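Hello,

As promised, I am handing over the structure we talked about, so please open it and keep it beside you while you read my notes below.

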Amino acid sequence: MNNSVKRAYNFNAGPAALPLAVLKKAQAELLDFNDTGMSIMEHSHRGNAYEIVHNRAIELLKELLSIPEGYEVLFLQGGASLQFSMVPMNFLPANKKAGYVMTGVWSEKAYAEAEKLGEVFVAATTKEGNYSQMPALKEINYDADTAYLHITSNNTIYGTQWHAFPNTAGVPLIADMSSDILSCPIDVSKFALIYAGAQKNIGPSGVTVVIIRRDFLEQAKKKGPTMLQYATFAKNNSLYNTPPTFGIYMMKLVLEWMKEEGGLLGIYKRNQEKAALIYDIIDASNGFYKGHAQLSARSLMNVTFRLADENLEKKFLEQAKQAGFVGLNGHRLVGGCRASIYNAVPYDSCQALCDYMLAFQKENS
Ligand SMILES: Cc1ncc(COP(=O)(O)O)c(C=O)c1O
(Lines give C-alpha, C1' and ligand atoms only; values in the text may rest on other atoms or scores of the structure.)
Protein backbone atom coordinates (compact mmCIF):
# COMPACT_ATOMS: atom_id res chain seq x y z
CA MET A 1 0.00 0.00 0.00
CA ASN A 2 1.13 3.48 -0.79
CA ASN A 3 2.08 4.96 2.58
CA SER A 4 0.62 8.32 1.64
CA VAL A 5 -2.82 6.80 0.96
CA LYS A 6 -5.53 9.21 2.00
CA ARG A 7 -7.80 7.64 4.61
CA ALA A 8 -11.20 9.09 5.40
CA TYR A 9 -12.20 10.11 8.90
CA ASN A 10 -14.56 7.14 9.10
CA PHE A 11 -17.32 7.39 11.73
CA ASN A 12 -19.60 4.79 10.12
CA ALA A 13 -21.94 2.91 12.46
CA GLY A 14 -21.19 -0.45 10.87
CA PRO A 15 -19.64 -1.79 8.77
CA ALA A 16 -17.10 0.51 10.29
CA ALA A 17 -13.45 1.49 10.30
CA LEU A 18 -10.86 -1.27 10.40
CA PRO A 19 -7.34 -0.73 11.74
CA LEU A 20 -4.99 0.45 8.99
CA ALA A 21 -2.34 -2.02 10.17
CA VAL A 22 -4.83 -4.87 9.70
CA LEU A 23 -5.76 -3.76 6.19
CA LYS A 24 -2.08 -3.54 5.26
CA LYS A 25 -1.36 -7.00 6.64
CA ALA A 26 -4.34 -8.46 4.76
CA GLN A 27 -3.16 -6.74 1.61
CA ALA A 28 0.37 -8.07 2.01
CA GLU A 29 -0.93 -11.61 2.52
CA LEU A 30 -3.69 -11.48 -0.05
CA LEU A 31 -2.00 -13.23 -2.96
CA ASP A 32 0.21 -15.56 -1.01
CA PHE A 33 -0.82 -16.56 2.50
CA ASN A 34 2.09 -18.01 4.49
CA ASP A 35 3.99 -19.20 1.39
CA THR A 36 1.10 -21.34 0.22
CA GLY A 37 0.82 -19.63 -3.15
CA MET A 38 -2.80 -18.71 -2.58
CA SER A 39 -4.97 -16.36 -0.63
CA ILE A 40 -6.59 -17.51 2.60
CA MET A 41 -9.91 -17.16 0.74
CA GLU A 42 -8.84 -19.90 -1.64
CA HIS A 43 -7.93 -22.41 1.07
CA SER A 44 -10.20 -25.25 2.06
CA HIS A 45 -11.88 -24.71 5.40
CA ARG A 46 -10.80 -28.28 6.20
CA GLY A 47 -7.14 -27.60 5.47
CA ASN A 48 -4.36 -26.96 7.93
CA ALA A 49 -3.62 -23.37 6.85
CA TYR A 50 -7.17 -22.23 7.52
CA GLU A 51 -7.67 -24.33 10.62
CA ILE A 52 -4.76 -22.61 12.33
CA VAL A 53 -6.33 -19.21 11.62
CA HIS A 54 -9.75 -20.40 12.83
CA ASN A 55 -8.46 -21.80 16.10
CA ARG A 56 -6.23 -18.81 16.74
CA ALA A 57 -9.22 -16.46 16.38
CA ILE A 58 -11.10 -18.49 19.01
CA GLU A 59 -8.07 -18.53 21.30
CA LEU A 60 -7.57 -14.77 20.98
CA LEU A 61 -11.21 -14.04 21.76
CA LYS A 62 -10.95 -16.21 24.87
CA GLU A 63 -7.77 -14.46 25.91
CA LEU A 64 -8.81 -10.86 25.22
CA LEU A 65 -12.24 -11.21 26.83
CA SER A 66 -10.92 -13.42 29.69
CA ILE A 67 -13.61 -15.95 28.84
CA PRO A 68 -13.72 -18.45 31.71
CA GLU A 69 -13.56 -22.22 31.36
CA GLY A 70 -16.92 -23.73 30.54
CA TYR A 71 -17.76 -21.45 27.61
CA GLU A 72 -17.76 -22.10 23.88
CA VAL A 73 -16.85 -19.50 21.27
CA LEU A 74 -18.82 -20.03 18.06
CA PHE A 75 -18.73 -18.42 14.63
CA LEU A 76 -22.08 -18.18 12.86
CA GLN A 77 -23.56 -16.31 9.95
CA GLY A 78 -26.82 -14.44 9.52
CA GLY A 79 -25.76 -11.40 11.51
CA ALA A 80 -26.97 -10.41 14.94
CA SER A 81 -30.45 -10.36 13.39
CA LEU A 82 -30.51 -14.15 13.06
CA GLN A 83 -29.65 -14.37 16.74
CA PHE A 84 -32.91 -12.59 17.49
CA SER A 85 -34.59 -15.80 16.24
CA MET A 86 -32.02 -18.42 17.24
CA VAL A 87 -32.04 -17.41 20.89
CA PRO A 88 -35.77 -18.12 21.39
CA MET A 89 -35.70 -21.11 19.01
CA ASN A 90 -33.13 -22.73 21.25
CA PHE A 91 -33.97 -21.38 24.68
CA LEU A 92 -37.63 -20.45 24.95
CA PRO A 93 -39.64 -23.54 25.95
CA ALA A 94 -43.42 -23.64 25.69
CA ASN A 95 -43.94 -23.51 29.46
CA LYS A 96 -41.81 -20.42 30.13
CA LYS A 97 -41.59 -16.73 29.26
CA ALA A 98 -38.55 -14.71 28.22
CA GLY A 99 -37.96 -11.17 29.51
CA TYR A 100 -36.69 -8.42 27.23
CA VAL A 101 -35.25 -5.11 28.38
CA MET A 102 -36.16 -2.54 25.79
CA THR A 103 -33.47 0.08 25.31
CA GLY A 104 -33.80 0.78 21.62
CA VAL A 105 -34.77 -0.46 18.21
CA TRP A 106 -32.48 -3.48 18.27
CA SER A 107 -34.10 -4.65 21.52
CA GLU A 108 -37.49 -4.13 19.88
CA LYS A 109 -36.43 -6.22 16.92
CA ALA A 110 -35.12 -8.98 19.17
CA TYR A 111 -38.43 -8.94 21.08
CA ALA A 112 -40.50 -9.01 17.89
CA GLU A 113 -38.71 -12.13 16.64
CA ALA A 114 -39.01 -13.91 19.99
CA GLU A 115 -42.71 -13.07 20.12
CA LYS A 116 -43.21 -15.13 16.95
CA LEU A 117 -41.74 -18.17 18.65
CA GLY A 118 -43.00 -18.12 22.22
CA GLU A 119 -44.14 -16.05 25.17
CA VAL A 120 -42.21 -12.89 25.93
CA PHE A 121 -42.64 -9.90 28.22
CA VAL A 122 -41.09 -6.46 28.62
CA ALA A 123 -38.93 -6.57 31.74
CA ALA A 124 -38.16 -2.83 31.54
CA THR A 125 -38.26 -0.11 28.92
CA THR A 126 -36.84 3.36 28.42
CA LYS A 127 -38.88 4.08 25.29
CA GLU A 128 -40.38 7.13 26.95
CA GLY A 129 -37.83 9.85 26.29
CA ASN A 130 -36.86 8.21 23.00
CA TYR A 131 -34.48 5.72 24.59
CA SER A 132 -32.13 8.36 25.95
CA GLN A 133 -31.35 6.40 29.09
CA MET A 134 -30.95 2.94 30.56
CA PRO A 135 -33.30 1.41 33.13
CA ALA A 136 -32.25 1.33 36.77
CA LEU A 137 -31.14 -2.22 37.50
CA LYS A 138 -33.65 -2.52 40.35
CA GLU A 139 -36.50 -1.62 38.01
CA ILE A 140 -36.04 -4.66 35.80
CA ASN A 141 -38.94 -7.03 36.47
CA TYR A 142 -38.72 -10.77 36.03
CA ASP A 143 -39.07 -13.80 38.24
CA ALA A 144 -36.96 -16.84 38.96
CA ASP A 145 -38.88 -18.87 36.38
CA THR A 146 -38.02 -16.56 33.47
CA ALA A 147 -36.50 -18.56 30.58
CA TYR A 148 -33.87 -15.85 30.06
CA LEU A 149 -33.43 -12.10 30.31
CA HIS A 150 -32.31 -10.38 27.11
CA ILE A 151 -30.48 -7.04 27.01
CA THR A 152 -28.75 -4.94 24.35
CA SER A 153 -25.48 -3.79 25.89
CA ASN A 154 -24.97 -0.78 23.61
CA ASN A 155 -27.70 0.99 21.69
CA THR A 156 -26.04 1.92 18.42
CA ILE A 157 -28.79 4.24 17.23
CA TYR A 158 -29.37 6.20 20.44
CA GLY A 159 -25.81 6.25 21.77
CA THR A 160 -26.58 4.68 25.14
CA GLN A 161 -24.79 1.87 26.92
CA TRP A 162 -25.10 -0.23 30.05
CA HIS A 163 -22.29 0.58 32.46
CA ALA A 164 -23.27 -2.15 34.94
CA PHE A 165 -25.14 -5.33 34.20
CA PRO A 166 -27.97 -6.89 36.21
CA ASN A 167 -27.15 -9.75 38.55
CA THR A 168 -29.79 -12.21 37.47
CA ALA A 169 -28.97 -14.99 39.92
CA GLY A 170 -30.31 -18.19 38.34
CA VAL A 171 -31.98 -16.55 35.34
CA PRO A 172 -29.78 -16.81 32.22
CA LEU A 173 -28.65 -13.38 31.02
CA ILE A 174 -28.33 -12.97 27.25
CA ALA A 175 -26.77 -9.91 25.64
CA ASP A 176 -26.62 -8.51 22.16
CA MET A 177 -23.17 -6.91 22.29
CA SER A 178 -22.94 -6.15 18.58
CA SER A 179 -21.82 -2.58 19.00
CA ASP A 180 -19.59 -2.70 22.07
CA ILE A 181 -18.04 -6.14 22.33
CA LEU A 182 -14.29 -5.91 22.98
CA SER A 183 -14.50 -2.18 23.74
CA CYS A 184 -14.12 -2.56 27.51
CA PRO A 185 -13.55 -5.37 29.99
CA ILE A 186 -16.69 -7.34 30.92
CA ASP A 187 -17.36 -10.16 33.33
CA VAL A 188 -18.34 -12.89 30.89
CA SER A 189 -19.34 -15.19 33.77
CA LYS A 190 -22.47 -13.07 34.30
CA PHE A 191 -23.80 -14.15 30.92
CA ALA A 192 -25.28 -17.37 29.63
CA LEU A 193 -24.94 -16.19 26.04
CA ILE A 194 -23.39 -13.18 24.29
CA TYR A 195 -23.75 -12.51 20.59
CA ALA A 196 -22.31 -9.87 18.30
CA GLY A 197 -22.19 -9.17 14.60
CA ALA A 198 -18.55 -8.58 13.69
CA GLN A 199 -18.85 -5.45 11.61
CA LYS A 200 -18.27 -2.84 14.30
CA ASN A 201 -15.45 -3.91 16.61
CA ILE A 202 -14.36 -7.33 15.38
CA GLY A 203 -13.87 -7.23 11.62
CA PRO A 204 -15.86 -7.14 8.40
CA SER A 205 -19.52 -8.14 8.20
CA GLY A 206 -20.34 -11.79 7.63
CA VAL A 207 -19.36 -13.37 10.94
CA THR A 208 -21.41 -13.46 14.13
CA VAL A 209 -19.56 -14.30 17.32
CA VAL A 210 -21.47 -16.27 19.96
CA ILE A 211 -20.09 -16.94 23.41
CA ILE A 212 -22.18 -19.50 25.22
CA ARG A 213 -21.96 -21.22 28.59
CA ARG A 214 -21.78 -24.97 28.13
CA ASP A 215 -24.31 -25.88 30.79
CA PHE A 216 -26.77 -23.42 29.21
CA LEU A 217 -26.12 -24.88 25.80
CA GLU A 218 -27.08 -28.28 27.18
CA GLN A 219 -30.53 -26.91 28.02
CA ALA A 220 -31.20 -25.96 24.40
CA LYS A 221 -34.13 -27.57 22.61
CA LYS A 222 -32.90 -30.55 20.66
CA LYS A 223 -35.34 -30.10 17.78
CA GLY A 224 -35.16 -27.65 14.93
CA PRO A 225 -33.15 -27.13 11.75
CA THR A 226 -29.54 -28.26 12.11
CA MET A 227 -28.10 -24.90 11.11
CA LEU A 228 -30.24 -23.09 13.68
CA GLN A 229 -29.03 -25.10 16.67
CA TYR A 230 -26.08 -23.76 18.64
CA ALA A 231 -25.13 -27.35 19.42
CA THR A 232 -24.31 -27.95 15.75
CA PHE A 233 -21.67 -25.25 15.86
CA ALA A 234 -20.37 -26.25 19.29
CA LYS A 235 -20.00 -29.94 18.34
CA ASN A 236 -18.12 -29.09 15.15
CA ASN A 237 -15.86 -26.24 16.28
CA SER A 238 -17.97 -23.98 13.99
CA LEU A 239 -16.89 -26.10 11.03
CA TYR A 240 -20.09 -28.06 10.41
CA ASN A 241 -20.40 -26.30 7.08
CA THR A 242 -18.19 -23.75 5.32
CA PRO A 243 -17.63 -20.81 7.67
CA PRO A 244 -16.99 -17.26 6.40
CA THR A 245 -13.26 -17.94 6.21
CA PHE A 246 -12.08 -14.53 5.07
CA GLY A 247 -14.12 -12.76 7.76
CA ILE A 248 -12.68 -15.04 10.42
CA TYR A 249 -9.17 -14.44 9.08
CA MET A 250 -9.78 -10.68 9.29
CA MET A 251 -11.10 -11.11 12.80
CA LYS A 252 -7.91 -12.89 13.78
CA LEU A 253 -5.86 -9.97 12.44
CA VAL A 254 -8.03 -7.47 14.32
CA LEU A 255 -7.64 -9.45 17.56
CA GLU A 256 -3.86 -9.63 17.08
CA TRP A 257 -3.87 -5.87 16.55
CA MET A 258 -5.84 -5.44 19.77
CA LYS A 259 -3.23 -7.42 21.66
CA GLU A 260 -0.51 -5.21 20.30
CA GLU A 261 -2.51 -2.15 21.34
CA GLY A 262 -2.46 -3.23 24.98
CA GLY A 263 -5.32 -5.73 24.97
CA LEU A 264 -8.74 -4.86 26.26
CA LEU A 265 -7.44 -2.50 28.95
CA GLY A 266 -5.34 -0.56 26.46
CA ILE A 267 -8.22 -0.33 24.01
CA TYR A 268 -10.67 0.64 26.79
CA LYS A 269 -8.40 3.44 27.99
CA ARG A 270 -8.13 4.84 24.48
CA ASN A 271 -11.88 4.48 23.92
CA GLN A 272 -12.48 6.52 27.08
CA GLU A 273 -10.08 9.21 25.90
CA LYS A 274 -11.65 9.33 22.44
CA ALA A 275 -15.19 9.59 23.80
CA ALA A 276 -14.18 12.22 26.37
CA LEU A 277 -12.74 14.41 23.60
CA ILE A 278 -16.10 14.62 21.81
CA TYR A 279 -18.39 14.68 24.86
CA ASP A 280 -16.28 17.51 26.29
CA ILE A 281 -16.89 19.58 23.16
CA ILE A 282 -20.64 18.93 23.45
CA ASP A 283 -20.69 19.80 27.16
CA ALA A 284 -18.65 22.98 26.73
CA SER A 285 -20.71 24.23 23.78
CA ASN A 286 -23.33 26.11 25.84
CA GLY A 287 -26.07 24.10 24.18
CA PHE A 288 -24.84 24.58 20.61
CA TYR A 289 -24.43 20.80 20.53
CA LYS A 290 -26.96 18.80 22.54
CA GLY A 291 -26.25 15.16 23.40
CA HIS A 292 -29.15 12.72 22.97
CA ALA A 293 -28.11 10.32 25.74
CA GLN A 294 -28.50 11.15 29.43
CA LEU A 295 -25.06 11.60 31.02
CA SER A 296 -25.18 8.35 33.02
CA ALA A 297 -26.07 6.33 29.92
CA ARG A 298 -23.59 7.78 27.44
CA SER A 299 -22.03 5.28 25.09
CA LEU A 300 -18.30 4.99 24.56
CA MET A 301 -18.98 3.76 21.03
CA ASN A 302 -21.70 5.95 19.50
CA VAL A 303 -21.83 9.65 20.33
CA THR A 304 -25.24 11.08 19.35
CA PHE A 305 -25.91 14.81 19.27
CA ARG A 306 -28.19 17.44 17.77
CA LEU A 307 -27.77 21.05 16.75
CA ALA A 308 -30.32 23.86 17.13
CA ASP A 309 -32.39 22.96 14.05
CA GLU A 310 -32.40 20.74 11.01
CA ASN A 311 -30.99 23.39 8.70
CA LEU A 312 -27.97 23.87 10.89
CA GLU A 313 -27.54 20.10 11.15
CA LYS A 314 -27.67 19.85 7.37
CA LYS A 315 -25.00 22.51 7.03
CA PHE A 316 -22.86 20.81 9.71
CA LEU A 317 -23.10 17.48 7.90
CA GLU A 318 -22.49 18.90 4.43
CA GLN A 319 -19.40 20.82 5.46
CA ALA A 320 -18.18 17.81 7.44
CA LYS A 321 -18.46 15.69 4.31
CA GLN A 322 -16.43 18.21 2.33
CA ALA A 323 -13.79 18.15 5.07
CA GLY A 324 -13.38 14.36 4.72
CA PHE A 325 -15.65 13.10 7.51
CA VAL A 326 -17.75 10.04 6.70
CA GLY A 327 -20.78 8.57 8.48
CA LEU A 328 -21.74 11.43 10.79
CA ASN A 329 -25.45 11.42 9.93
CA GLY A 330 -27.59 10.35 12.85
CA HIS A 331 -30.03 7.48 12.42
CA ARG A 332 -33.40 8.76 11.20
CA LEU A 333 -35.07 7.74 14.49
CA VAL A 334 -32.92 10.15 16.49
CA GLY A 335 -31.97 12.61 13.76
CA GLY A 336 -29.00 14.92 14.10
CA CYS A 337 -25.52 13.50 14.16
CA ARG A 338 -23.75 10.40 15.35
CA ALA A 339 -20.05 9.70 15.57
CA SER A 340 -19.39 5.99 15.89
CA ILE A 341 -15.99 5.71 17.47
CA TYR A 342 -15.36 1.98 17.59
CA ASN A 343 -12.01 0.49 18.59
CA ALA A 344 -10.38 1.01 15.19
CA VAL A 345 -11.29 4.70 14.86
CA PRO A 346 -8.00 6.49 15.55
CA TYR A 347 -7.68 9.09 18.30
CA ASP A 348 -6.54 11.52 15.62
CA SER A 349 -9.84 11.18 13.76
CA CYS A 350 -11.69 12.07 16.97
CA GLN A 351 -9.36 15.02 17.49
CA ALA A 352 -10.00 16.17 13.92
CA LEU A 353 -13.76 15.93 14.51
CA CYS A 354 -13.44 18.03 17.67
CA ASP A 355 -11.46 20.68 15.79
CA TYR A 356 -14.15 20.73 13.12
CA MET A 357 -16.96 20.96 15.71
CA LEU A 358 -15.24 23.87 17.46
CA ALA A 359 -14.63 25.75 14.22
CA PHE A 360 -18.21 25.17 13.07
CA GLN A 361 -19.61 26.44 16.35
CA LYS A 362 -17.44 29.56 16.14
CA GLU A 363 -18.62 30.33 12.62
CA ASN A 364 -22.28 29.66 13.33
CA SER A 365 -23.06 31.09 16.73
C1 LIG B 1 -26.95 -3.53 18.69
C2 LIG B 1 -27.22 -4.12 17.34
N3 LIG B 1 -27.86 -5.31 17.26
C4 LIG B 1 -28.11 -5.89 16.09
C5 LIG B 1 -27.76 -5.28 14.90
C6 LIG B 1 -28.07 -5.98 13.58
O7 LIG B 1 -26.93 -6.58 13.16
P8 LIG B 1 -26.84 -7.39 11.77
O9 LIG B 1 -26.92 -6.38 10.69
O10 LIG B 1 -25.50 -8.06 11.91
O11 LIG B 1 -27.95 -8.36 11.73
C12 LIG B 1 -27.09 -4.06 14.92
C13 LIG B 1 -26.68 -3.41 13.66
O14 LIG B 1 -26.29 -2.26 13.61
C15 LIG B 1 -26.82 -3.46 16.18
O16 LIG B 1 -26.20 -2.29 16.25
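**What was found**

Please bear in mind throughout that this is a predicted model. I begin with an open sheet of three strands, arranged in the order β11-β12-β14 and paired in the antiparallel sense. Its edge strands, each of which pairs on one side only, are β11 (290-291) and β14 (337-340). Between β11 and strand β12, which covers residues 302-306, there are two bridges, and if you look for the bridge partner of G291 in β12, you will find F305. Helix α8, made of residues 263-283, packs on this sheet and touches β11, β12 and β14, with a direction that makes about 15° with that of β12.

Six bridges hold the parallel pairing of β4 with strand β3, residues 97-102, and within β4 the bridge partner of V101 is A124.

Which residues touch the most other members of the largest nonpolar core? In this core of 55 residues, they are L61, L65, F75, I181, L182, I211 and M251. Helix α7 (residues 245-260) supplies the largest share of the core, with nine residues. If its neighbours within four places in sequence are left aside, M251 is in contact with A57, L61, F75, I202, V207 and V209. Another core, of 36 residues, lies apart from that one and includes A275, L312, C354 and M357.

Turning to the chain as a whole, its secondary structure comes to ten helices and 14 strands, and 54% of its 365 residues are buried. Among contacts with a separation of 6 or more, 67% are between residues 24 or more positions apart. The C-alpha trace spans about 65 × 55 × 30 Å along its principal axes. Because a compact globule with 365 residues would have a radius of gyration near 21 Å, the chain's 21 Å agrees with that expectation.

Best wishes

Technical notes
Residues are numbered from 1 along each chain as its sequence is written. This is a predicted model: local features need pLDDT of at least 70, side-chain atom pairs count only at pLDDT 80 or more; totals for chains, interfaces and linings use all residues. Side-chain values use heavy atoms; hydrogens and water are left out. Two strands pair if DSSP finds at least two bridges between them. Helices (H or I, at least four residues) and strands (E, at least two) are DSSP runs, numbered from the N terminus. Contact means heavy atoms within 4.5 Å. Axes are lines fitted to C-alpha atoms, for helices over the stretch in contact, and angles run from 0 to 180 degrees between N-to-C directions. A nonpolar core is a set of buried Ala, Val, Leu, Ile, Met, Phe, Trp, Tyr and Cys residues joined through side-chain atoms within 4.5 Å. Buried means under 20% relative accessible area, exposed over 50%, partly exposed in between (1.4 Å probe, protein chains only). The radius of gyration is taken over C-alpha atoms; the globule rule is 2.2 Å times the number of residues to the power 0.38.
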